[in-house]
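Student: I have a structure open and would like to learn how to read it. Could you go through some features with me?

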Amino acid sequence: MQVTDIRTTAYKDQKPGTSGLRKKVPVFQQTHYLENFVQSILDSLPDIQGATLVLGGDGRYYNLTAIQTILKMAAANGIGRVLVGRAGLLSTPAASCVIRKYQAYGGIVLSASHNPAGPTEDFGIKYNIGNGGPAPEKVTEAIYARSLSIDHYRILPADDLPLDELGKQQLGDMIVEVIDPVADYAELMESLFDFEAIRTLLGNGQFRMRFDAMHAITGPYAQEILVKRLGAPADSLMNAQPLEDFGGGHPDPNLTYAHELVEILFAQNAPDFGAASDGDGDRNMILGGNFFVTPSDSLAILAANATQVPGYRNGIVGIARSMPTSQAADRVAEALNIPCYETPTGWKFFGNLLDAGKVTLCGEESFGTGSDHVREKDGLWAVLFWLNLLAVRKQSVAEIAREHWQRFGRNYYSRHDYEGVPTEGANKLIDTLRAQFATLAGQTYGAYTVAFSDDFAYTDPIDHSVSTQQGIRIGFTDGSRIVFRLSGTGTEGATLRVYLERYEADTAKQGLDGQVALADLIKIADDIAGIRKHTGRNKPTVIT
Ligand code: VG1
Ligand code: CO
């Protein structure tokens, strides 16, 4: 095997964010840019000689080019075997499933998730560890540190490999095994949910659903699982053909970017159930006929009903939610007498809790829900969980949600995103908030009195690692909250996220529109942080 050693110069901007390294494609196309980062990953992993890695991505532009390069570099660096999804495809949860099932050393997942794709749009790469989950901060910090000093990388000069047929091939001393990207994942889903009951629901001639794959990775997964195995009519799927540029869309399953689906579900004679997933298949949006389930409510509802689903029949041991996610799940945990953990934003913070058997379900307000079946959030898993519940409870989505509020109270919740604002203004806004920490408590704004304000910090209960500055919280005496964070996944300017939450126990007052119910808090957020002033915007880009 003739390995080539190539001299390179370090780039200074390869610091992974909330979920891997995300940059515009032209940034990745700079000389040796991708190679530097891949070598930095490989250099940071101890004892990888002869190890098995999993490799695949969401199919976006540059996916296949990057996969060919990574294969040749893996071979040159002494990796023993790479399991790669056919045509270079693997959804993020499927990659997690495959790493776990085949006890791989880890995996490289190529995705910029919900960010748009194409020659001038975004690309991304992240490393997942042997538990199938995103690398924890100590690993991503080591990769970044290595990227700052790297001066050569190793690659095997070889022709590109054909990746469209299943089976084993040799690349230098390494075996490349092309695997079915859907099969292992579909089998896992069948082990968790009552497919028989869901098949009956989907085939009863009454129930109608729509799943929007947004021209991204979940198309083939939905085709196999929802249509082939569960018998949903073929026209239940929308935009199921994966495209390199996701059809020019923004593959983020929310009320703004999944508007095609939203219009269908909010029309007259709407279907009973609607769902969408994102670029890499780890997010989910759940809709009923004329009804939107907030991701925070979805987590709470799944937790409260978990024992109705075979995979969770014996109950759940705990719940974890990211800090900005609403406290609806906390109320369920309290009722079930199980713990509810509050972690920083990003799925990597759930890994230790899941591995230690402290939690079964996890969720984020950003359309992410999942469980201990893998170590990533999982879009289709959430869709199947809901379908299983609908099949068992024989009620509509809206009825299930309203009953939940009656029992636990309703946490009105909304997130306002200001995307692509000038970085300087965004930083100033955060500084302005920090400067008020000492004086805010005790101040009154209309009916609301501030109880505390701080920067969220987290100490991992398992490995005791500490993560600071994970979002600014302003808590009010009635339990309402406003949270401010800057996004760690954007690639242009800064994105400000404002999270708003208010609890309503009175069942007579639970039917308001979220924006109406939160109007006072929305105004207070601007009063305290100077959102308009610092961002130059008078309204958010996205409201969910
Ligand atoms: C966003 C979400 C966060 C999520 C992350 C990755 O991060 O807020 O909850 O874990 O995206 O999701 P940020 O830093 O932009 O707020 V995905 O679907 O990109 O893998
Ligand atoms: Co995603």
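Student: How far is an oxygen atom of ligand 1 from an N or O atom in the side chain of arginine 485?

Tutor: That pair is 2.7 Å apart. Before we go on, note that this is a predicted model, where local features need pLDDT of at least 70 and side-chain atom pairs count only at pLDDT 80 or more, while totals for chains, interfaces and linings use all residues. Residues are numbered from 1 along each chain as its sequence is written, chains are lettered from A and ligands numbered from 1 in the order in which they are written, and side-chain values use heavy atoms, with hydrogens and water left out.

Student: Which residues come nearest to ligand 1, and where does ligand 1 sit?

Tutor: A residue is near a molecule if one of its heavy atoms lies within 4 Å of it. There are 20 residues around ligand 1, and those that come nearest are Thr18, Ser113, Ser366, Gly488 and Thr489. As for its place, ligand 1 sits in the largest cavity. A cavity is a set of points, on a 1 Å grid over the protein atoms alone, where a 1.4 Å probe fits but cannot get out; a molecule sits in it if more than half of its atoms lie within 2 Å of its grid points.

Student: What are the protein donors of the cobalt ion (ligand 2)?

Tutor: Donors are N, O and S atoms within 2.8 Å of the metal (3.2 Å for Na, K and Ca), and water is not among the atoms, so sites may look incomplete. Here the protein donors are Ser113 (OG), Asp278 (OD), Asp280 (OD) and Asp282 (OD), lying 2.0 to 2.1 Å from the cobalt ion. Along the sequence, their spacing reads S-x164-D-x1-D-x1-D.

Student: Is aspartate 280 buried or exposed?

Tutor: Buried means under 20% relative accessible area, exposed over 50%, and partly exposed in between (1.4 Å probe, protein chains only). Aspartate 280 has a relative accessible area of 3%, so it is buried. Aspartate 282 counts as buried too, at 3%.

Student: How many salt bridges does the count come to?

Tutor: Here is the general idea: side chains of opposite charge can pair when their charged atoms come close. A salt bridge is a side-chain nitrogen of Lys or Arg within 4 Å of a carboxyl oxygen of Asp or Glu, and the count comes to 34. One of them joins arginine 154 and aspartate 5, with their closest N and O atoms 3.9 Å apart. Arginine 154 is in strand 7 (residues 152-155) and aspartate 5 in strand 1 (residues 4-7), so this pair ties together parts 149 residues apart in sequence. Helices (H or I, at least four residues) and strands (E, at least two) are DSSP runs, numbered from the N terminus.

Student: What do the side chains of arginine 146 and aspartate 43 meet in?

Tutor: They meet in a salt bridge, 2.8 Å from N to O. Arginine 146 belongs to helix 5 (residues 137-149) and aspartate 43 to helix 2 (residues 33-44), so the pair ties together parts 103 residues apart in sequence. Arginine 146 is partly exposed at 25% relative accessibility, and aspartate 43 is partly exposed at 36%.

Notes:
Polar contact = N/O pair within 3.5 Å; in protein donor to acceptor, adjacent residues only side chain to side chain. 1 Å grid on protein atoms, 1.4 Å probe; cavity = no way out; pocket = protein on both sides within 12 Å on 5 of 7 lines; lining within 4 Å.
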